[in-house]
Amino acid sequence: MVADAGSKTQIAFCKMSPPSSEYLLVGSMDSTIGLYNYQDEQLKLYKGHQNQFHKIDAKFVKNETTGRNMILSGSEDGHICGWDLNSQ
């Protein structure tokens, strides 16, 4: 599979979603994180964190209280950003 990350800047990270590896999460150095399926379709584009100078990681997590799947990312401004995978 070859995917276009939708960004003209460097890729900071690339991760598969556990446990099924259904999704691919791609972080770019332009402060965006893309969620892709394996048909090379971008499903969502997440913004809100700052990532331009350092390779900052993100990960898939499950909120044990709500049962919702989330994406958590660090940010160069010292914040931790989270997005609900099921939200629009």
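Two strands pair if DSSP finds at least two bridges between them. Keep that rule at hand. The structure here is a predicted model.

**Exercise 1. Find which strands pair, starting with strand 2 and strand 3.**

Step 1. Locate the strands. Strand 2 covers residues 24-28, and strand 3 covers residues 32-36.

Step 2. Apply the rule. Five bridges link strand 2 and strand 3. The rule asks for at least two, so the two strands pair. Their sense is antiparallel.

Step 3. Pick out a facing couple. Ser-28 stands opposite Thr-32 of strand 3.

Step 4. Move on to strand 4. Strand 3 and strand 4 are also antiparallel, joined by five bridges. Tyr-36 has Gln-42 in strand 4 as its bridge partner.

Step 5. Four strands make an open sheet, in the order 1-2-3-4, with antiparallel pairing. Strand 1 (11-16) and strand 4 are the edge strands, each pairing on one side only. On average, neighbouring strands of this sheet are turned by 15° against each other, direction ignored.

**Exercise 2. Describe the two hairpins and the residue with a positive phi in each turn.**

Step 1. Take strand 3 and strand 4. They form a hairpin with five residues between them. Asp-40, in the turn, has a positive phi of about 65°.

Step 2. Asp-40 sits in the loop between strand 3 and strand 4. Its relative accessibility is 35%.

Step 3. Take strand 5 (residues 58-62) and strand 6 (residues 69-74). They pair in the antiparallel sense over five bridges.

Step 4. Check the turn. Six residues separate strand 5 and strand 6 in this hairpin. Gly-67, in the turn, has a positive phi of about 80°.

**Exercise 3. Decide whether Thr-32 is buried or exposed, and list what it touches.**

Step 1. Thr-32 belongs to strand 3.

Step 2. Compare with the cut-off. Buried means under 20% relative accessible area. Thr-32 has 12%, so Thr-32 is buried.

Step 3. Find its polar contact. The side chains of Thr-32 and Asp-30 make one at 2.5 Å.

Step 4. List the other neighbours. Leaving out residues up to four places away in sequence, Thr-32 touches Val-26, Gly-27, Leu-45, Tyr-46, Lys-47 and His-49.

**Exercise 4. Work out why Lys-44 has no salt bridge.**

Step 1. Lys-44 lies in strand 4 (residues 42-47). Lys-44 is buried.

Step 2. Find the nearest side chain of opposite charge. That is Asp-84, 6.3 Å away.

Step 3. Apply the cut-off. A salt bridge needs a side-chain nitrogen of Lys or Arg within 4 Å of a carboxyl oxygen of Asp or Glu. Asp-84 is 6.3 Å away, so Lys-44 has no salt bridge.

Step 4. See what its side chain does reach. The backbone oxygen of Leu-85 is 2.4 Å from the side chain of Lys-44.

Step 5. Widen the view. Beyond its neighbours within four places in sequence, Lys-44 contacts Ile-33, Gly-34, Leu-35, Asp-84, Leu-85, Asn-86 and Ser-87.

**Exercise 5. Summarise the whole chain.**

Step 1. Count the elements. The chain has seven strands and zero helices.

Step 2. State the burial. Of the 88 residues, 38% count as buried.

Terms used:
Residues numbered from 1 in each chain as written. Predicted model: local features only at pLDDT ≥ 70, side-chain atom pairs only at ≥ 80, totals over all residues. Heavy atoms only, no water. Buried < 20%, exposed > 50% of the residue type's maximum accessible area, 1.4 Å probe, protein only. Lys, Arg positive; Asp, Glu negative; His and termini not counted. Polar contact = N/O pair within 3.5 Å; in protein donor to acceptor, adjacent residues only side chain to side chain. Contact = heavy atoms within 4.5 Å. Axes fitted to C-alpha atoms, helices over the stretch in contact; angles between N-to-C directions.
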